[in-house]
Amino acid sequence: MNRRPALLSAAAMAAAAALSLSACGGGGDDSKDSDKIAGADNGASVSASPSPKGSDDGIDRPEIKLPKDVKDVFEGSRTGDPKKDAVLADNARRISSVTEAVTADAGSHPALKFYSSGDALLSAANHVQGFQKKNKSFVGTTRYYDRQVTFLKDGAAAVTYCMDATKTYPKDRKTGKVDKSVPSSAQDYSFYNTRLEKNADGVWQTTAVLTTTAAKRCMP
């Protein structure tokens, strides 16, 4: 049983060839729309505390602040390679910018456009609208793991990772009621293959997303 509305990855299939499907080693399952998006050091998380505006790279980043009952946990953010770590950091910020847009009540969400562009921005916008139209949100902890970076010949980067949403639960925006009766299932495990490009400001923006739900490679 799906816990969240489907992620609409518009035009992602057309970009699949550029995503380097071998980044995690081997191929993958057939591409499907995902049911998840949510939210860097092993075990690090973005939660109710705002993300730092500044960083060692000097980029003025928008604040990302999640509700107190929502948390994104990212594993494997320190690789020993500063360039790969920078890509993974912006990958994590992009994920949490989408989580914020879905779960936090705010007039605007500048981080969404800051970390996404092109097809990935369209995909994220459709994903957020899917929640809003149904007056839905979610609470709980989403875990991201097996995150791998591969630099491509054209200067872009491919980031692949798994997501475990078994600890998240749907929430009704109107009533505030959280449904914890939803059982976990294979649909709670997704595999993502994303393309990131460094923009003029030095931000690694996600430009395309390819998703596989019920991904066996991500299941325990």
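# Salt bridges, paired strands and a disulfide

Trainee: Is Asp105 buried or exposed?

Mentor: The relative accessible area of Asp105 is 71%. A residue counts as buried under 20% relative accessible area, as exposed over 50% and as partly exposed in between, using a 1.4 Å probe and protein chains only. With its 71%, therefore, Asp105 is exposed.

Trainee: What kind of model is this, and from which number are its residues counted?

Mentor: This is a predicted model, in which local features need pLDDT of at least 70 and side-chain atom pairs count only at pLDDT 80 or more, while totals for chains, interfaces and linings use all residues. Side-chain values use heavy atoms, with hydrogens and water left out, and the residues of each chain are numbered, as its sequence is written, from 1.

Trainee: Which residue forms a salt bridge with Asp105, and how far apart in sequence are the parts that this pair ties together?

Mentor: A salt bridge needs a side-chain nitrogen of Lys or Arg within 4 Å of a carboxyl oxygen of Asp or Glu, and the side chain of Asp105 meets that of Arg173 in this way, at 2.7 Å from N to O. Asp105 lies in the loop between helix 1 and helix 2 (110-115), whereas Arg173 lies in the loop between strand 4 (157-172) and strand 5 (189-198), so the distance in sequence between the parts tied together is 68 residues. At 29% relative accessibility Arg173 counts as partly exposed, and the partner asked for is this residue, Arg173.

Trainee: Where does the salt bridge between Arg195 and Asp154 sit, and how far apart are the closest N and O atoms?

Mentor: Arg195 counts as buried at 11% relative accessibility, whereas Asp154 counts as exposed at 51%. Arg195 belongs to strand 5 and Asp154 to the loop between strand 3 (136-151) and strand 4, so parts that are 41 residues apart in sequence are tied together. The closest N and O atoms of this pair are separated by 2.4 Å.

Trainee: In what sense do strand 5 and strand 6 pair?

Mentor: Two strands pair if DSSP finds at least two bridges between them, and Tyr192 stands opposite Thr211 in strand 6. Strand 5 and strand 6 form a hairpin with five residues between them, and Gly202 in the turn has a positive phi of about 90 degrees. Over nine bridges, the sense of their pairing is antiparallel.

Trainee: Which cysteine is joined to Cys162 by a disulfide?

Mentor: A disulfide is a pair of cysteine sulfur atoms within 2.5 Å, and one is found in a search of the whole structure. The torsion about the S-S bond of Cys162 and Cys218 is about -75 degrees, so this disulfide is left-handed. Both cysteines are buried, and at an S to S distance of 2.1 Å the partner of Cys162 is Cys218.

Key. Helix = DSSP H or I, 4+ residues; strand = E, 2+ residues; numbered from the N terminus.
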